[in-house]
Amino acid sequence: MRRTPTPGTPATGRRAAVAAGTASAVAAATLVGVTLGLAPAASAGEFLVNGGFESGSLGPWNCSGNSGSVVTSPVHGGSRALAAAASAGDTAQCGQTVTVAPNTTYTLSAFVNGSYVYLGVDGGGPSTWTPGTGGSYQKLSVSFTTGASQTSATVYTHGWYGQGTYYADDVSLDGPGAPSPTPTPTTTPTGTASPTATPTGTPTGTPTGTPTGTPTGTPTGTPTTQPAGSHALVGYLHASFANGAGYTRMADVPNSWDFINLSFGEPTSVTSGDIRFNRCPATECPGVESDDEFKAAIAAKRAQGKKVLISIGGQNGQVQLTTTAARDAFVNSVSAIIDKWGLDGLDIDFEGHSLSLNTGDNDFKNPTSPVIVNLISALKTLKAKYGQGFVLTMAPETFFVQLGYQYYGSGPWGGQDPRAGAYLPVIHAMRDDLTLLHVQDYNSGSIMGLDNQYHSMGGADFHVAMTDMLLKGFPVAGNANNVFPALPASKVAIGMPATTNAGNGYVAPAEVNKALDCLTKLANCGTYVPRSGAQPNLRGLMTWSINWDRFGGQEFSKNFNGYFGR
């Protein structure tokens, strides 16, 4: 995306998806659950084992970093309760994994005592928090419905970084078909659940501010994959610069935006890997909020279930991780930004000459070019550090993705642009950890689609053809033996400019809706009909930018809300 577009000038630079959850500099601890292997009875009842901790031991509960113990005071009921000590590097997550039935509604509840105590469900999605006061037990409760093929769920509690010990008692998971009689574990621990957790979709009861002075950021770990059928609106927020769209304070970002990508984090030099995020100065952005206000507003957005990411790159932020030292600097500096501001993750918006393929690097599944290999390594390190809740998004231009259908790198004989298709190995390597891919379907030349016809910006067909390539997959450089596999529709959003001022390739709301109709329903299609079929789980739309959308009367976001009935 460009920072200072003038009418008719391409404007790029934003994004970040993926990720969610910030954490301490300490890698998240592994949480082990126990699966219950008993046949369900017909009646409703209790699914958890030792929910009151009356056995005097934790089993089958497991707590990260050996942070949990059973105590006799304070308790809510009976004579014992769980005590879990949250530290500067660990939220003291304690969980248990149980067998559940598909398409079934359950209610999870617990009595908790402490500041910012969290109750949530892996595999179910919901979560809830106590306010920032402790001293007495409070009841938390959430309901969730399992997926069509879901057979297990992990329930857990955790505290907040640096907030000390919290207590939990009388934890209950109620639903139909509970094991009867009261179950006991019949198997050994069966694997890992999410590390320290960030709520994905935290309800509005969440405190508007994460605790001030939190030393290392926010919890990580709740899976960021959204339920099938949910749709998201992604936007970039001009946070480090001003242009004709004007400055928008974080607190003033409308509620329409589900992913808010702070633009931009940029390197100290092209090859340093040392990323810095500098907020817009008051001299450039009149009305800019203070750092404390900015951080509090981020926390409030996250409390509403929004994802706030740092977007790295943009038009001016060329990033080339040519060495392992640059790779490590990237990991360390990006972590520092995430931790400082309490963010959910990272958006990769590498443009220009950031990514290219060395001569002879012709297999996207096994890249050898240092800038590619080191970026993949850095992203995997960040994912491992922050856990399942880490949000990772990418916003490549069509040149780096769909052009790979025709050309890949410098080609078998050299002479081609080595940047052609250069994002493909990164997307492929990170596809399991990727939250969202939203290609910039703007500021683009004509690109060949799967119909072997060239498609140009300006109408619904371009967006349909470009998106269909991601949903269907395609042979890279025409090689039928080297196919880039399709991405799940739930991981794909369409990138569009918000206004005519924001970038070349603007389309009016009617054309936006035609593209959505065609891709999600196979209805209202133009000359291009998707090879991937109807994809109702297409995740949504991305735009450059939130600022330009406000400048344009919120046409883009209002149309999105109207289309999806939000």
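A residue is called buried when its relative accessible area is under 20%, exposed when that area is over 50%, and partly exposed in between, with a 1.4 Å probe and protein chains only. The model is a predicted one, in which local features need pLDDT of at least 70 and side-chain atom pairs count only at pLDDT 80 or more, while totals for chains, interfaces and linings use all residues. Residues are numbered from 1 along each chain as its sequence is written, and side-chain values use heavy atoms, with hydrogens and water left out.

**A buried serine in a loop**

Helices (H or I, at least four residues) and strands (E, at least two) are DSSP runs, numbered from the N terminus. Ser-410 belongs to the loop between strand E19 (391–394) and helix H4 (424–429). Is Ser-410 buried or exposed? Its relative accessibility is 6%, and Ser-410 therefore counts as buried. Contact here means heavy atoms within 4.5 Å. When neighbours within four places in sequence are set aside, the residues in contact with Ser-410 are Thr-359, Gly-360, Gly-415, Gln-416, Asp-417 and Pro-418.

**Strand E15 and its partners**

Strand E15 is mostly covered, since eight of its nine residues are buried. Two strands are said to pair if DSSP finds at least two bridges between them. Which strands run parallel to E15, and which pairs with it in the antiparallel sense? E14 and E15 run parallel and are joined by five bridges, and in this pairing Gly-235 stands opposite Ile-260 of E15. Strand E17 (residues 307–313) also pairs with E15 in the parallel sense, over six bridges, with Gly-265 opposite Ile-312 in E17. Strand E16 (residues 275–276), by contrast, pairs with E15 in the antiparallel sense over two bridges, where Pro-267 stands opposite Ile-275 in E16.

**Disulfides**

A disulfide is taken to be a pair of cysteine sulfur atoms within 2.5 Å, and a search of the whole structure finds three of them. The table lists each pair with its sulfur distance and the torsion about the S-S bond.

| Pair | S to S distance | S-S torsion |
|---|---|---|
| Cys-63 and Cys-94 | 2.0 Å | about 115° |
| Cys-280 and Cys-285 | 1.8 Å | 80° |
| Cys-518 and Cys-525 | 2.0 Å | about 100° |

The torsion of about 115° in the link of Cys-63 and Cys-94 is why that disulfide is right-handed. This pair connects distant parts of the chain, with Cys-63 in strand E3 (residues 62–63) and Cys-94 in strand E6 (residues 94–99), 31 residues apart. Cys-63 is buried at a relative accessible area of 12%, and Cys-94 is buried at 0%.

The link of Cys-280 and Cys-285 is right-handed, and both of these cysteines are buried. The disulfide of Cys-518 and Cys-525 is right-handed as well; Cys-518 is buried at 1% relative accessibility, whereas Cys-525 is partly exposed at 26%. If the bonded cysteines of the protein chain are numbered in sequence order, the pairing reads 1-2, 3-4, 5-6.

**Salt bridges**

A salt bridge is a side-chain nitrogen of Lys or Arg within 4 Å of a carboxyl oxygen of Asp or Glu, and the structure holds 11 of them. One of these joins the side chains of Arg-249 and Glu-293, at 3.8 Å from N to O. Arg-249 lies in the loop between strand E14 (232–238) and strand E15 (259–267) and Glu-293 in helix H1 (residues 291–303), so this pair ties together parts that are 44 residues apart in sequence. Arg-249 is partly exposed, with a relative accessible area of 28%, and Glu-293 is partly exposed at 42%.

The N to O distance of Glu-511 and Lys-514 is 3.4 Å; Glu-511 is partly exposed at 22%, and Lys-514 is partly exposed at 29%. Asp-517 forms a salt bridge with Lys-521, and their closest N and O atoms are 3.5 Å apart. Being four residues apart in helix H6, Asp-517 and Lys-521 are likewise separated by about one helical turn. Asp-517 is buried at 16% relative accessibility, whereas Lys-521 is exposed at 53%. Elsewhere, salt bridges that share partners join Asp-258, Lys-306 and Arg-566 into one network.
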